[in-house]
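This report is written for a reader who is meeting the structure for the first time. Please keep the sequence and the model in view while reading.

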Amino acid sequence: MEIKDMYREIIRDHNMYPDHKEEIEDPDLVLRGVNPSCGDDISLQLKLKDGVITDGSFTGSGCAISQASADLMLELVIGKSSEEALRLADIFNRMIRSEATEEEIEELDEAGALESISHMPARVKCALLGWRTIKEMLQT
């Protein structure tokens with residue numbers, strides 16, 4: 001299997017079978033993220049304890065890239081401190097702008113599969129929706 005095919009498979013799996021697309025009970029933070037240019041619309045929910053993200057989920061609708069990206073993001077940030085989640089969001093943002101190093105992209109684990117989105121300008125906002133939303137949540 002070629003690496004491009006593997007990346008497509010990761011995106012497909014996280015879109016069709018997301019681990020974190022659900023409501024969680026009593027979230028500490030909830031924020032809606034919308035991409036008006038294409039209609040992607042998510043509601044991100046997080047539980048925090050002592051500055052650590054203990055659980056997270058999203059609901060909503062959108063294209064495969066926005067849904068997979070939100071699921072991949074939650075997979076990565078649950079169990080991390082708010083500061084670490086913000087750092088990973090910054091790396092993801094720089095990866096999409098082709099500014100992240102290979103070592104940084106490796107820190108993103110499966111979310112690094114979205115690196116090729118940087119070559120598709122119309123899809124960049126889709127990939128960034130969940131990451132932009134969590135950044136806004138945690139910086140307030």
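## The sheet

Asn 35 stands opposite Asp 40, a residue of β2. The model is a predicted one, and in it β1 and strand β2, which covers residues 40-49, pair in the antiparallel sense over seven bridges.

These strands belong to an open sheet of three strands, with antiparallel pairing and the order β1-β2-β3. Because β1 (29-35) and β3 (52-61) each have a single partner strand, they stand at the edges, and one side of each is left without a neighbour in the sheet. From one strand to the next, the twist averages 20 degrees.

## A helix on the sheet

Helix α2, made up of residues 64-77, packs on the sheet, where it touches β2 and β3. The direction of α2 makes about 170 degrees with that of β3.

## Two helices in contact

Two packed helices are described by the angle between their axes and the distance between the axes. For α2 and helix α5 (residues 124-138), the axes come within 6 Å and cross at roughly 40 degrees, which makes α2 oblique to α5. The crossing of α2 and α5 is right-handed.

Which residues of α2 meet α5? On the α2 side they are Ile 65, Ser 66, Ser 69, Met 73, Leu 76 and Val 77, and on the α5 side they meet Cys 126, Ala 127, Gly 130, Trp 131 and Ile 134. Sorted by class, the contact of α2 with α5 has eight nonpolar residues and three polar ones, with no charged residues.

Note on methods: Residues numbered from 1 in each chain as written. Predicted model: local features only at pLDDT ≥ 70, side-chain atom pairs only at ≥ 80, totals over all residues. Heavy atoms only, no water. Pairing = 2+ DSSP bridges. Helix = DSSP H or I, 4+ residues; strand = E, 2+ residues; numbered from the N terminus. Axes fitted to C-alpha atoms, helices over the stretch in contact; angles between N-to-C directions. Contact = heavy atoms within 4.5 Å. Parallel < 35°, antiparallel > 145°, perpendicular 65-115°, else oblique. Left-handed = near helix turned anticlockwise from the far one by under 90°. Nonpolar A, V, L, I, M, F, W, Y, C, P; charged D, E, K, R; others polar.
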